[in-house]
Amino acid sequence: MSQLRFWQQSILYLLLTLYAILTLIPFLWALSASFKPLSEIVSDSIHFLPQQFTLENYHQIFSQPLFLRWLLNSVIIATSVTLLNLLLNSMAGYALARLQFFGKQFWFFLILAVLAVPAQVTLIPMFLILKTFGWLNSYQGMIVPAMVNATFIFLMRQFFINFPKELEEAATLDGLTPFQTFWHIVLPLAKPALTAQAILVFMGSWNNFLLPVVILFDPEMFTLPLGLNTFKGQYISYWNYIMAASMIFTLPVLGIYAFFNRYFIQSVTFTGSKG
Amino acid sequence: MDVIKTRLIGDAAPDVFFLDALEAPFLMENNVLEPLNSYITPDFDLADIEETLLRPFTLQNQIFGIPKDYSTLALFYNKQAFVDAGLDHPPVTWDELLVDAKQLTLDRNQNGRIDRYGLGMIPELARQAYLIRSFGGQVVDKQGYATFASDAGLVGLESLVTQYRDDRTSARPIDVGANSGIEMFGQGKAAMAIEGNWAIPFFQDTFPNLEYGTAEVPRMNNQPGTMVYTVAYVMNRQSQHKSEAWELMAYLTGKTGMEQWTRSGLALPTRKSVAETLQYDHDPLRSALVAGVSYAMPWQVGNYPAAVMNQFNNQFISVMLGEQSLQPAMLRAQEQANQQIKAAE
Amino acid sequence: MRLQNRQKYIHSLLRESAIGYGFMAPTLLVLAVFVVLPILYAVFLAFQKVQLLGGIEYEFVGLRNFARLMADDRVWIALRNTAEYVAIVVPSQTVLALILATTLNAGVRGQTGWRILYFLPTITSSAVLTLIFMWIYNTNGLLNQFLAFIRLPTYNWIGDPAVALKGIMIMNIWSTAPFFMVIYLAALQEIPQSIYEAAKIDGANAWQQFWYVTLPLLKPVTFFVVAMGIIGTFQLFDQSYIFSNGSGGPNNATLTIVLLIYQYVFRDLQMGYAAAIAFLLAAIIITITLLQQWLFGKQTMN
């Protein structure tokens, strides 16, 4: 940054700020709306700040008798899915990028190919399979099919392709088994990739609606998006509840993103101090 | 609803569930619902239930569902706007509506942008199907094929299009930045709207100062007409506990259960006796809705409603926007819908 | 001697394969049961006329579903809409994501703050986004008021088919770019600082470093971002569903392939035909991805 002249820097920060406004305003608008009564949201006047500030929307949502249960279900499912994905996608991505084995190209192609098939046509077959296993209305029905994800196997493969060969060779000479190499050498160096994956997998699982709406029908087993969906009336949209609910969905993801961002930042300051 | 179909395929549907009249024909035809005739006792007093509402759940004299509640459409009008325009009563005929709408359309600061339209309208088949019938047209024939593009069917629709395009006295919610017809009416951006029972609690909660009245939907071609949307309890044919299932249904749709369910006014009772007990036929806001049930067209369009509905809506909006004229657009929609239905059968 | 070498080679190949499959085993098992099996079932359905409700019945119809597809105007309209969409959205969101990531990785002050702000569109729920966009795009909305203010022509952004799809495009670029930004940020972290230092010693300026060092090293990740962008945009559904209330109108202007599939599967339960359309879509996506893989060059792939 130091090489940039003052006016160049000013323009840079101006652009950064303008774009930040574009991303921030809708979010703040939704946040503000979550503190408004429905009458104010649907009234024609446009006020950025709530005129009749209310906590009623949040109160209504939190006082759903099953709210905590839904939250717990969502946390259990999203956390397990994220941890399993981190391990299994990375293993598969690593194998596809670095190991030589018979049929490797075929498997990579297959993983790309399954991504191309829209979920809408596989939903009913998937439902029938889960039913055969007796996994409807269960955590395993939500977790096991989602424990690997072709998208992120593909992502990890692309990350591992540039991985320095020398480290692996050194590890082999030191007598590490391939899994030990992967676990002790490769994974720690792939922290930024794992971080990105963790954030995006968690977000996907947290927001997932298509599968749970079909396979979970016991209200006790609902995830948050499913439970809070009941606020969407058939004829009337309760925007106040929808906004409050969307804030409740969003904040955990934002928290996790902010938390994991340390890993991005850490190495930046490290390299920055070096340069 | 889509979810119920998936669960029925997987034999994982509940014993009793509720079913929209629109989706009923397909499920009745496909033998997934239990016929209820043998369960219904004289005690249950089936005759007390509105005939118009029972018919959508009946196929070849077999009753597959007991309607639990319903809503018709009625004309909602803004009393203040009517007073300001010097109108002392809501329109009774469609011609009156068109004239009144002109008076009610308002551009307060003369900037060429209209601040209040005479009528808020939703250009979807679900809301407008009754107009197709007013000059003798039909939305679908007995086999469920689309027939809405007949000359008789188009007259009523043409009137909607002309009002929107030429008179410019009606508008869609999205034209004015509203998310729904009731929101548009509540915000005062339309002086009239044709909406259902759901509007009443909505206005009470969100626009408590709104002064409005309801009237029966204006007659077109001197024919009374409106839509009725109804939902019934049905029994899964695969149910293992059929007598218990019926007991539950009989309670929920019986006189005591229904009275409790519909007392809050969120939904209208399908039993005449309950409507009388709750005095909805004398209620100043609900009597127009209740009156409509006898002549209303149940919202039901054959075995493949999605094909008919999607094709109609897709093309009708395009007509409203002035991209095509009504007849060719509707003929295309009808043909496309029928191709889809034919392939599905 | 030679024979021994060969045996050794085969032995090591088998050993490597065993290791490779060891790493892949859990993945392959899960994918086989929950992804490949449903797809195979859908392939089977594409050649059948299916009656799923009230006892499942199949009737083999050969290629009839595919013949119907060739003659179905709506499929080709949807395909054209979708292709136009992909051609604009994928390059835009890729470039935007790359710019955001590089800028935020270049050591601007308050990086954490910017990164969190820029991530917001991706996590804001699509219902909220659509509502906000409806509010901005409606005829009396923010955008038109702004355009009128600077004396430019105003549009019926939502109602007018000529612009409806463009409105959805802008919304999609804006909300998807942060997703890929996160991936680019991670990829930028993995580039060793020493490479830049070597480039600096060779006298490369910041722009040259970006063009000759950063971009080539990001190639594998860019391949991912573009491929996933293509898959995601070809499967566009949510926004066009919400904008048109599921009909794809006006006059098919917002019809997309997946919306069409949805209309057939969930509304009419025409699984066979829906599967046929899905495989047409999959074939197109796979072809484009392979083409892209070939364009990106073989050396980055192996």
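Colleague: In which sense do strand β4 and β9(B) pair?
Modeller: Strand β4 of chain B, residues 65–78, pairs with β9(B) in the antiparallel sense over 7 bridges, where two strands count as paired if DSSP finds at least two bridges between them. Within that pairing, B:Thr72 stands opposite B:Val228 in β9(B). This is a predicted model in which local features need pLDDT of at least 70 and side-chain atom pairs count only at pLDDT 80 or more, whereas totals for chains, interfaces and linings use all residues. Residues are numbered from 1 along each chain as its sequence is written, chains are lettered from A and ligands numbered from 1 in the order in which they are written, and side-chain values use heavy atoms, with hydrogens and water left out.

Colleague: And what does β9(B) do with strand β1 of chain B?
Modeller: Strand β1 of chain B, residues 16–20, also pairs with β9(B) in the antiparallel sense, over 5 bridges, and there B:Phe18 stands opposite B:Tyr233. With strand β11 of chain B, residues 297–298, the pairing of β9(B) is parallel and runs over 2 bridges, with B:Val228 standing opposite B:Pro298. The strands named here are DSSP runs of E with at least two residues, helices are runs of H or I with at least four, and both are numbered from the N terminus.

Colleague: Why is β9(B) said to be largely enclosed?
Modeller: Because 9 of the 9 residues of β9(B), 227–235, are buried, the strand is largely enclosed by the rest of the structure. Buried means under 20% relative accessible area, exposed means over 50%, and partly exposed lies in between, with a 1.4 Å probe and protein chains only. Both faces are covered, with B:Tyr229 and B:Val231 among the buried residues on one side and B:Thr230 and B:Ala232 among those on the other.

Colleague: Switching to chain C, how many of its residues are in contact with chain A?
Modeller: In chain C, 91 residues are in contact with 94 residues of chain A, contact meaning heavy atoms within 4.5 Å. The area buried between chain C and chain A is about 8,400 Å², of which carbon and sulfur atoms give 79%; buried area is the accessible area, with a 1.4 Å probe, that two parts lose on being put together, summed over both.

Colleague: How many polar contacts are there between chain C and chain A?
Modeller: There are 14 residue pairs in polar contact, both residues at pLDDT 80 or more. A polar contact is a pair of N or O atoms within 3.5 Å; within protein, one must be able to donate a hydrogen and the other to accept it, and residues adjacent in sequence count only if both atoms are side-chain atoms. The largest share of the side of chain C that touches chain A, 22 residues, comes from α1(C).

Colleague: Take C:Thr27, is it buried or exposed?
Modeller: C:Thr27, which sits in helix α1 of chain C, residues 2–46, is buried, with a relative accessible area of 0%. Leaving aside neighbours within four places in sequence, C:Thr27 is in contact with A:Leu88, A:Ala92, A:Val148 and A:Ile153.

Colleague: What about the area buried between chain C and chain B?
Modeller: That area is about 3,000 Å², and carbon and sulfur atoms give 48% of it. In chain C, C:Leu53, C:Asn251 and C:Arg267 lose the most area to chain B, together 20% of what that side buries. Contacts link 35 residues of chain C with 39 residues of chain B, and 5 residue pairs, both at pLDDT 80 or more, are in polar contact.
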